[in-house]
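Student: Please put up the model, and then I will ask about it piece by piece.

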Amino acid sequence: MTHASKSWTLMHSFDSGKTFAERGVLTLGLSEEGDIKFELTNNENCVADTLLASSKDLYQLKIMYGNSEVLTSVLACQIRRANFRDELTVVLNAKAEPVSLDYHPLVSPLAPTCEELEDKHTVTEFTTKVAYETANFGMSIPSLLPETNPPQGLKFFSKPGSKDGPVPQDAPSGPQGFLTKYWYIILPMALMSLFGGEAPQQEGGEQEGQQQQGGAQSAAAAKPAASAPKGSTARQRRGKRG
């Protein structure tokens with residue numbers, strides 16, 4: 001029984017993409033048990049050019065299919081630090097075409113730094129963990145949220161008279177009148193007009209009464225002075241001089 005399969009050529013470069021060489025072949029198909037199988041077959045001695053890379057060069061991977069390609073890159077020295085052990089994940093679209101690459105060298109915490117690496121190595125091929133992922137479409141958000149019930153024991157509060165809120169039983173059926181709508185403004189103004197003008201009148205009456213009392217007192221003081229005899233006035237003056 002023949003199973004349908006797809007394959008792509010995996011190219012790599014140790015000099016920041018200046019020259020590419022074939023690293024291996026990626027194959028997507030079905031196993032004998034009917035499960036999806038995705039594997040990478042690396043070429044022999046495909047790490048020979050790694051000594052040509054400096055610590056600043058990039059190691060690049062790309063998949064060629066038709067007139068398109070998918071590219072990813074890491075520092076070339078990280079490949080040597082990982083001792084050529086890496087992990088590659090290919091993201092496929094609905095047509096089983098590669099749209100993205102996720103590549104990680106499996107560097108040990110005890111591995112030397114890029115400056116401490118030796119010029120020679122004994123590894124001649126990669127040890128690669130390969131996997132694939134499919135592009136999943138996100139959930140579409142509806143334009144209107146569905147109606148939901150409140151949790152048990154709780155109740156949603158809504159504004160009376162609103163579209164979704166309950167209509168109160170004592171609400172007027174027709175439009176509100178002017179006094180009903182603006183009573184809180186008219187009532188204080190009416191109270192101020194009724195009680196605000198009496199205080200100045202009382203104060204004015206008190207001032208007039210005080211003026212009348214002052215005038216009566218001055219008149220009463222002037223009468224005894226006018227009825228007094230002239231002699232007594234002269235005597236009083238002489239008494240003041242002595």
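Tutor: A definition comes before the questions: rings of Phe, Tyr and Trp pair if their centres lie within 6.5 Å, with planes under 30 degrees apart counted as stacked, over 60 as edge-to-face and the rest as tilted. The model itself is predicted.

Student: Which residues do ring pairs link into a cluster?
Tutor: Searching the whole structure gives seven aromatic pairs. One of them joins phenylalanine 14 and tyrosine 59, and another joins phenylalanine 84 and phenylalanine 126. The cluster linked by ring pairs consists of Phe14, Tyr59, Phe84, Tyr103 and Phe126.

Student: How many residues apart in sequence are the parts that phenylalanine 14 and tyrosine 59 tie together?
Tutor: The ring centres of phenylalanine 14 and tyrosine 59 are 4.8 Å apart and the planes make 45°, a tilted pair. Phenylalanine 14 is in the loop between β1 and β2, whereas tyrosine 59 is in strand β4, so the parts tied together are separated in sequence by 45 residues.

Student: Are phenylalanine 14 and tyrosine 59 buried or exposed?
Tutor: The cut-off for buried is under 20% relative accessible area, and for exposed over 50%. By that scale, phenylalanine 14 and tyrosine 59 are both buried.

Student: Why is the pair of phenylalanine 84 and phenylalanine 126 edge-to-face?
Tutor: Planes over 60 degrees apart count as edge-to-face. The centres of the phenylalanine 84 and phenylalanine 126 rings are 5.5 Å apart and the planes stand at 80°, so the pair is edge-to-face.

Student: Where in the chain are phenylalanine 84 and phenylalanine 126?
Tutor: Both residues, phenylalanine 84 and phenylalanine 126, are buried. They belong to distant parts of the chain, 42 residues apart: phenylalanine 84 is in the loop between α1 and β6, and phenylalanine 126 is in the loop between β7 and β8.

Student: What does the side chain of aspartate 86 make a polar contact with?
Tutor: Aspartate 86 is placed in strand β6, residues 85-92. Its relative accessible area is 1%, so aspartate 86 is buried. Residues touched by aspartate 86, leaving out those up to four places away in sequence, include Arg23, His104, Phe126 and Lys129. The polar contact, at 2.6 Å, is with the side chain of tyrosine 103.

Student: What is the order of the strands in the open sheet of five strands?
Tutor: The edge strands, each pairing on one side only, are β3 (36-42) and β5 (68-75). Direction ignored, neighbouring strands of this sheet are turned against each other by 20° on average. The pairing is antiparallel, and the order is β3-β2-β1-β4-β5.

Student: Which residue in β4 is the bridge partner of histidine 12?
Tutor: Strand β1 (residues 6-13) pairs with strand β4 (residues 58-65) in the antiparallel sense, over five bridges. Leucine 10 is opposite isoleucine 63 in β4. For histidine 12, the bridge partner in β4 is leucine 61.

Student: Which residue takes a positive phi in the hairpin of β4 and β5?
Tutor: β4 and β5 run antiparallel and are joined by eight bridges. Methionine 64 has glutamate 69 in β5 opposite to it. The hairpin has two residues between the strands, and the positive phi, near 65°, belongs to glycine 66.

Student: Where does a residue other than glycine have a positive phi?
Tutor: Most residues other than glycine have a negative phi. Serine 16, in the loop between β1 and β2, has a positive phi of about 60° although it is not a glycine. At 30% relative accessibility, serine 16 is partly exposed. Alanine 96 is placed in the loop between β6 and β7, and its positive phi is near 60°.

Student: Which cysteines form a disulfide?
Tutor: One disulfide is found in a search of the whole structure. Helix α1 (residues 76-81) holds one cysteine and the loop between β7 (98-105) and β8 (127-134) the other, so parts 37 residues apart in sequence are tied together. With sulfur atoms 2.1 Å apart, the pair is cysteine 77 and cysteine 114.

Student: What is the torsion about the S-S bond of cysteine 77 and cysteine 114?
Tutor: Cysteine 77 has 7% relative accessibility and therefore counts as buried. The disulfide of cysteine 77 and cysteine 114 is right-handed because the torsion about its S-S bond is about 60°.

Notes
Residues numbered from 1 in each chain as written. Predicted model: local features only at pLDDT ≥ 70, side-chain atom pairs only at ≥ 80, totals over all residues. Heavy atoms only, no water. Pairing = 2+ DSSP bridges. Helix = DSSP H or I, 4+ residues; strand = E, 2+ residues; numbered from the N terminus. Axes fitted to C-alpha atoms, helices over the stretch in contact; angles between N-to-C directions. Disulfide = S-S within 2.5 Å. Buried < 20%, exposed > 50% of the residue type's maximum accessible area, 1.4 Å probe, protein only. Polar contact = N/O pair within 3.5 Å; in protein donor to acceptor, adjacent residues only side chain to side chain. Contact = heavy atoms within 4.5 Å. Phe/Tyr/Trp six-rings, centres within 6.5 Å; stacked < 30°, edge-to-face > 60°.
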